[in-house]
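Okay, thanks for coming, everyone.

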Amino acid sequence: MDTAAVDEEGNAPGKSSSSINYANATEAALGVALRSLGPQAVLSVLPLQIQEGLAGTAEPRTWLLPALRKHVRGTQLGFWASDLAPLAKQMGAAAAAASQAGRKSTAVACHALELQLWGCLQAFASWPTDTAEAYGGMAADLAAAFHTREDLRSIVASVLVRLCKQARAVALAAVQGSVEASAETRTAIQELGLVSDAAAAIPGAGKGDDEAAEDEEQQQQQQQEAGSDEEEDEDEYGQQQR
């Protein structure tokens, strides 16, 4: 490293410590807004404007995408399906059209945006409030992406694994009585084989699955910056119930 290229505090030229502090404070405030108000409210005030950016009519807010992946939890899965998934498809189509037209830089940029939008699905799939309602409408698209898009396969697979683990955690909590559930619901859970009799008899069975491990390959850089791992599935569910 060229020591002349940094100041006494280790900051690069033109990037003072105060500007770094402002950036950190802004990111922290955005994270609080996403967690407390939800992505719908934040994006209604700060729309992504990706299409407008490609058209040159507005400044795109692509910097929001990493924030969505990092901070969104416990929101509506259907919002991703209705708002971000169509945008991802549009970016995929724009990438293909640009590639055929020989505009390689535009094709690469659009493809990168498509992958980032799909990457947000992992955050929206973390304890969503509408899994039962939303999943049926997006199952076909997930299946198509898994079978036809090798670059999206790992994202889709990790999302499905996450949703299954969360469903099992809820089922286990219901059978053990940790959360309210009718006798009919507990019977249905056992008849479907979601929770074994042995697991149902052991308090805390099924713990130890860290959600962050599922995202390690896709979000390694974000995890390093954040400096912390996500809570275990069952522990996180218990906190949300409290």
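So, which side chain does Glu27 meet in a salt bridge? That would be Lys70, at 3.1 Å, N to O. By salt bridge I mean a side-chain nitrogen of Lys or Arg within 4 Å of a carboxyl oxygen of Asp or Glu.

Quick housekeeping: this is a predicted model, where local features need pLDDT of at least 70 and side-chain atom pairs count only at pLDDT 80 or more, while totals for chains, interfaces and linings use all residues. Residues are numbered from 1 along each chain as its sequence is written, and side-chain values use heavy atoms, with hydrogens and water left out.

Back to the charges. Searching the whole structure turns up four salt bridges.

Another one is Lys89 with Asp141, closest N and O atoms 3.4 Å apart. That pair links helix H5 to helix H8, across 52 residues.

Then there's Glu114 with Arg149, at 2.8 Å between the closest N and O atoms. Glu114 is in helix H6 and Arg149 is in the loop between H8 and H9, so the pair ties together parts 35 residues apart in sequence. Glu114 counts as buried because its relative accessibility is 5%, whereas Arg149, at 25%, is partly exposed. Asp151 joins those two in a salt-bridge network.

Now H5, residues 77-100. The helix bends by about 40° at Leu84, with Pro86 following within four residues; the bend is the angle between axes fitted to the seven residues ending there and the seven starting there. Its buried residues include Trp80, Leu84 and Met91.

And what about the largest nonpolar core? It has 37 residues, and Leu48, Trp80, Leu117 and Trp118 touch the most other members. H5 gives the most to this core, eight residues. A core here is a set of buried Ala, Val, Leu, Ile, Met, Phe, Trp, Tyr and Cys residues joined through side-chain atoms within 4.5 Å.

Notes. Helix = DSSP H or I, 4+ residues; strand = E, 2+ residues; numbered from the N terminus. Expected span 1.5 Å × (residues − 1). Buried < 20%, exposed > 50% of the residue type's maximum accessible area, 1.4 Å probe, protein only.
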